[in-house]
Amino acid sequence: MIRKSYSKRAVGRMFFVAFILAFGATEFGGVLRAQEGVQGSSASGAQFTSDLAGIVTSTLNPAQIAILHWYNANLTTQFAVGKTPVGVAFDGASIWVVNSADKTVDKLRASDGTLLGSFAVGGNPIGDAFDGANIWVANYLDGTVTKLRASDGALQGTFTVGSGPVAVAFDGANVWVTNVGSNNVTKLQASNGTVLGTFAVGTNPTGLAFDGVNIWVANQGSNSVTKLNASSGATLGTFPVGTAPLGVAFDGTNIWVANQSSNNVTKLKASTGAHLGTFAVGTNPYGVAFDGANIWVANRGSGNVTELRATNGSTVGTYAVGACPYYLAFDGSSIWVADECSNTLSKL
């Protein structure tokens with residue numbers, strides 16, 4: 001028989017290990033039971049309290065770790081705005097939301113949603129855009145666009161465009177406006193509002209976007225998008241998409257179009273107009289925005305927004321917002337969604 005002798009240090013180490021194992025069996029067993037109570041198991045509240053009671057006497061308190069779990073990090077905050085909010089734009093520090101029924105735009109601080117001001121515009125305003133210094137708002141009933149200084153909301157001018165202007169985009173020097181009633185787009189010099197041209201597109205043009213060189217226009221009535229050269233206004237192509245296209249966004253390489261009546265979005269290669277895919281979203285998609293990695297779509301008919309990977313169109317998530325989300329914008333950190341039925345602006 002072989003006998004082994006152990007030093008006092010070795011014996012101490014073995015005792016320590018045994019203690020840890022015993023502690024783990026006792027304490028973490030209680031933790032697991034406590035976690036079950038947190039996550040809605042059949043354990044009673046009394047049992048849950050009893051389990052925790054044996055843990056809190058320990059200075060290690062592993063319950064603080066046990067109750068952590070994975071969850072959806074997209075938490076929505078809502079802010080009250082004016083009546084029937086639709087258009088949304090970001091100016092680098094603040095969010096501007098168009099209140100169609102009030103004939104106003106509200107300016108909110110992007111960091112915390114504080115209302116900084118409300119400013120009068122024209123009749124039935126819908127879309128808006130930022131030009132680097134000013135906010136431009138399309139006034140549907142008046143056939144005009146209003147220019148407001150972003151720093152303080154001061155009126156800089158009101159300029160006549162086509163019939164039923166609905167959306168606005170900035171190309172770095174000029175402002176483009178879609179005129180749904182006259183089937184064209186108007187190009188204005190951003191510095192002074194001078195009309196530089198009016199260019200025919202498809203039927204009932206709605207949303208539009210700038211890709212760095214060209215303007216893309218969604219033609220709701222002809223189920224297509226028109227590509228115009230931003231410098232000359234020349235038509236470079238017309239490409240079929242889904243049914244009743246509305247919103248348009250550029251992701252740095254491709255154009256994304258929300259198709260209201262076919263409940264999907266179309267992805268086109270910006271350089272050629274080639275069709276790269278069609279992806280299902282919610283009901284009646286309206287607005288589209290790009291956050292630097294993903295595409296966000298406001299689904300007016302289903303009261304939510306869909307997040308898609310720009311690389312392959314796969315769905316990242318669907319998030320509830322107000323009852324009737326319309327347009328949306330990205331502020332570099334969060335997505336802002338205007339909800340025309342609940343008179344709120346959601347921040348995700």
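**Cysteines and core: a quick chat**

Student: Cysteine 324: buried or exposed?
Tutor: Cysteine 324 is buried, at 10% relative accessible area. Buried is under 20% relative accessible area, exposed over 50%, and partly exposed in between, using a 1.4 Å probe and protein chains only. This is a predicted model, where local features need pLDDT of at least 70 and side-chain atom pairs pLDDT 80 or more, while totals for chains, interfaces and linings use all residues. Residues are numbered from 1 along each chain as its sequence is written, and side-chain values use heavy atoms, without hydrogens and water.

Student: Which cysteine does cysteine 324 pair with?
Tutor: Cysteine 341, through a disulfide with S to S 1.9 Å; the rule is cysteine sulfur atoms within 2.5 Å. The link is left-handed, with -85 degrees about the S-S bond. Strands are DSSP runs of E, at least two residues, numbered from the N terminus.

Student: And how exposed is cysteine 341?
Tutor: Cysteine 341 is partly exposed, at 44%.

Student: Switching topic, which residues touch the most others in the largest nonpolar core?
Tutor: Val105, Trp176 and Leu228, out of 28 residues. Such a core is a set of buried Ala, Val, Leu, Ile, Met, Phe, Trp, Tyr and Cys joined through side-chain atoms within 4.5 Å. Strand 10 (165-170) is among the elements giving two or more residues, and strand 10 gives the most, three.

Student: What does leucine 228 touch?
Tutor: Beyond neighbours within four places in sequence, its contacts include Trp176, Phe199 and Ile215, with contact meaning heavy atoms within 4.5 Å.

Terms used
Helix = DSSP H or I, 4+ residues; strand = E, 2+ residues; numbered from the N terminus.
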